[in-house]
Amino acid sequence: MTINLLLMEELQMMLTEDTARSIGISSYYPHVRRVFVDILRALDTHYGRPLMMTNTQNLNKEPDEMLSGERKPRIDLFRTCVAAVPRLIPDGMTGAELVDMLARLTVHVDEELRALAYQSLQTLVLDFPDWRQDVILGFTQFLVRDVQDTFSQLLDNGLRMLLQLLTCWRNALANPSAKAKEQQVDPRLVGRGGMNDTSAMNGPGHKRPDGQKVEPITGVFHLVEGFALVMLCNCRLYPRRLPVNDNRASLLRSSTAPRKPVNERDVYMHVWKNYLTFGFRVVPAIPSPVIRCASPDLSLSGQHTVDFGITCMSKELSQSLENLGGAQTLPGRFSVPSISGIYTRHKRTSSSPDSLSAERGDNKSPGTNASPTALYKLTVQLLKCETIDVRDAAVNAIGKVNSDALKDLMEELVPYIREAVDRKQENMRRRRRRDALRLQLVRVLELIAEYGTFGICPAVLDRETQSLHPTFVEYIDGARLYLENESDKEAPAVRDIKLHFCNFISKMLKSFSLETCHALLKRDLRRNLFALFATWAGPYGRPLTNVNFSNEEEKRCTELQLSALQAMSGLLCCGACFNPPSLSEEGSILYQWLDLLLATKDEKIYTLARETVVLLLEGNSDIGALLDWVVDRCYTGSPQVADGCFLALATIFSAREYPCDHYTSIINVTLMNTGCPRAAVQDAALQLLQLLDQRFFGNVRSLPAPDADIGESTQNN
């Protein structure tokens with residue numbers, strides 16, 4: 001009875017050491033806390049865990065029936081104890097244990113107890129800064145561990161409560177309560193020690209004054225965001241909406257920044273993009289083996305099972321697209337293929353054991369089957385969609401296709417490629433539509449190249465010649481002819497196509513190894529592309545085009561000019577030079593172009609020029625005039641040009657034993673640069689000199705010392 005009176009008193013005020021002393025019960029205070037934890041654990045063992053709604057034994061029972069009889073007074077006591085938290089913190093119970101108990105009680109069959117448990121968690125977040133990580137971490141772990149997808153209502157409620165707890169934390173940071181401020185300055189309260197939120201970021205080794213380890217705040221948010229990402233893949237709409245807000249609410253660092261309200265269409269769009277990208281990352285090649293997914297809530301026995309990934313995801317893709325179309329009217333060309341035409345019901349035998357078949361024989365559900373082709377047909381047509389965010393989502397997803405599926409995707413893209421490179425006469429409207437297709441197509445290819453998919457997909461190369469597949473060659477050459485003959489070269493759409501085409505060429509070449517690059521493209525095609533890109537390089541292509549530019553144009557390098565230079569470098573260094581006589585002639589325009597790049601003040605272009613010299617030396621070791629030019633510029637060029645040429649020499653001679661007829665010239669230029677006042681060049685020269693000494697003189701025995709010779713001859717006499 002005394003304990004009950006004390007607990008009721010705690011509903012009105014915080015029971016701390018000071019409070020206990022002021023009301024004359026300081027001698028009872030530690031005993032009250034110890035008895036309190038014993039009561040909580042006993043009640044939880046007998047009337048907490050057994051009465052959780054996640055317990056399968058309680059599914060077909062009425063709550064009133066379970067809470068009547070001798071259980072009723074004990075449930076009342078349990079409510080009082082839970083309501084006392086955090087006004088009275090139990091002694092001997094860790095923070096994780098207390099939070100886990102309160103989290104479990106949020107799914108108790110007693111409605112009042114559920115509300116009191118959640119209220120205690122919310123108070124801990126609002127008024128106790130050092131408990132916030134424990135509450136969010138423990139509640140999220142409880143949802144992951146104990147609330148399965150089969151309890152759909154409990155899962156929805158849990159997600160809603162998690163979102164509310166995160167929102168409370170964010171609001172508490174912006175407007176801390178008086179109790180929270182007290183907790184930050186008075187560590188004696190509740191016996192845990194005050195600590196503000198920033199101290200929780202000190203890393204995994206930080207501990208509270210009571211010895212309890214603090215989970216890093218970044219680890220807590222990573223867990224919450226990971227759980228939210230998993231919930232985004234849920235088959236129901238409501239659990240997909242809440243994780244979007246969970247992720248937003250967990251970004252506490254930017255809580256004061258204004259946020260654009262999320263409407264229904266934004267949620268659909270976000271979920272659809274995730275499905276689409278996931279589909280292209282996991283879609284198998286055609287034909288592919290059937291991958292079965294075993295899950296507790298799927299039948300393992302019946303005559304119908306569910307395919308992995310592509311089946312469920314494709315259906316959700318179409319439903320999301322339909323929802324998008326309902327939220328905002330889309331153009332007529334944006335049509336979704338008929339679901340009945342894509343999915344085919346099928347039956348197949350089960351691979352599960354007989355025991356599982358007998359156990360789950362009543363949980364059969366029909367499945368559907370969809371081929372990767374359905375995904376391609378559904379998505380590739382969106383490249384022509386006039387709704388920007390839908391089209392961009394399709395481009396980004398297709399660009400992330402995995403290497404196993406690239407061959408099948410390209411077969412679907414062939415009609416679009418031929419339409420893009422077709423140069424027949426057309427009216428203005430069709431021309432704009434085709435330019436839009438050309439832009440989206442080259443963006444897709446650029447993304448595929450950026451992720452390195454071309455370099456790891458064997459279907460990209462011709463089996464016999466190891467050159468690019470004719471489909472890619474046809475596209476590259478057709479795009480070149482279109483861009484060469486385009487009359488309105490300064491149109492915004494054409495400029496965008498130029499930029500992405502340059503990026504596609506340079507990134508595609510970089511995705512292959514140096515050994516593979518030499519056979520990728522024929523020399524004529526490389527030469528023609530190089531000449532085309534030179535006209536886009538502005539003043540940096542001047543030696544190759546003989547075009548004059550104003551001083552203002554020479555001072556700045558645009559994004560298109562830099563991309564064109566990168567593509568030119570890749571084409572020039574893609575194996576042996578496409579015009580070997582130009583490297584054998586002294587003072588040729590290629591050498592003038594390299595001189596111009598090495599003399600530039602733009603750091604990106606200068607770095608590109610050095611890489612170009614290195615790769616030229618690597619791919620043209622049989623042209624001695626190239627090496628002679630590099631050595632000569634180390635002596636005759638400006639300091640910047642000379643440094644670039646010598647660093648290129650140091651790189652190539654350090655990488656391998658480079659064929660050279662005049663090693664003395666290499667040693668001499670290295671010796672000269674050991675005295676260079678610029679530290680980077682001097683260090684490279686010293687390292688190269690040591691390497692050359694080891695390479696050429698490492699096996700030569702040193703001369704004997706004169707004293708040793710005299711002593712030896714005296715001894716012999």
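**Inside the model**

Guide: The lining of the largest cavity divides into six nonpolar residues, one polar and one charged. (Nonpolar covers Ala, Val, Leu, Ile, Met, Phe, Trp, Tyr, Cys and Pro; charged covers Asp, Glu, Lys and Arg; the others, Gly among them, are polar.) This is a predicted model: local features need pLDDT of at least 70, side-chain atom pairs count only at pLDDT 80 or more, and totals for chains, interfaces and linings use all residues. Residues are numbered from 1 along each chain as its sequence is written, and side-chain values use heavy atoms, with hydrogens and water left out.

The lining itself is A420, V421, R438, Y475, G478, A479, Y482 and I497. Two elements give two or more residues each: α19 (406-421) and α22 (470-485). Helix α22 has the largest share, with four residues. (Helices are DSSP runs of H or I, at least four residues, numbered from the N terminus.) The space inside is about 70 Å³. In total the structure holds three cavities of 30 Å³ or more. (A cavity is a set of points on a 1 Å grid over the protein atoms alone where a 1.4 Å probe fits but cannot get out; lining residues have an atom within 4 Å of a point. Points join across faces, edges and corners, and volume is the space filled by probe spheres set on them.)

Y475 leads on to the packing. The largest nonpolar core has 125 residues, and F454, Y475, I476, F501, F504 and F533 touch the most other members. Domain 2 (264-291 + 370-547 + 557-578) and domain 3 (588-697) both contribute residues, so this core lies between them. (Domain bounds come from an automatic or database assignment. A nonpolar core joins buried Ala, Val, Leu, Ile, Met, Phe, Trp, Tyr and Cys through side-chain atoms within 4.5 Å; buried is under 20% relative accessible area, exposed over 50%, partly exposed in between, with a 1.4 Å probe and protein chains only.)

Take F454. Beyond four places in sequence, F454 contacts L406, L445, I448, A449, V460, F472, F504, M508, S511 and F512. (Contact means heavy atoms within 4.5 Å.) A second, separate core has 65 residues, including M101, V135, L163 and L166.

E446 sits in helix α20 (residues 428-450). E446 has 8% relative accessibility, so it counts as buried.

Helix α17 (residues 372-380) is largely enclosed by the rest of the structure, because seven of its nine residues are buried. Those residues are P372, A374, L375, Y376, L378, T379 and V380.

Now Q122, in helix α7 (residues 111-127). Q122 is buried too, at 17% relative accessible area. Outside four places in sequence, its contacts are L165 and C168. W169 is 47 residues from Q122 in sequence, and their C-alpha atoms are 9.0 Å apart.

Most residues other than glycine have a negative phi, and most peptide bonds are trans. Q466 has a positive phi, near 60 degrees. Q466 lies in the loop between α21 (453-456) and α22, and is partly exposed at 37%. The V85 to P86 peptide bond is cis, with omega near 5 degrees. P86 is in the loop between α5 (71-84) and α6 (95-105).

Definitions and conventions: On a 1 Å grid over the protein atoms alone, a cavity is a set of points where a 1.4 Å probe fits but cannot get out, and a pocket is an open set with protein on both sides within 12 Å along at least five of seven lines; lining residues have an atom within 4 Å of a point.
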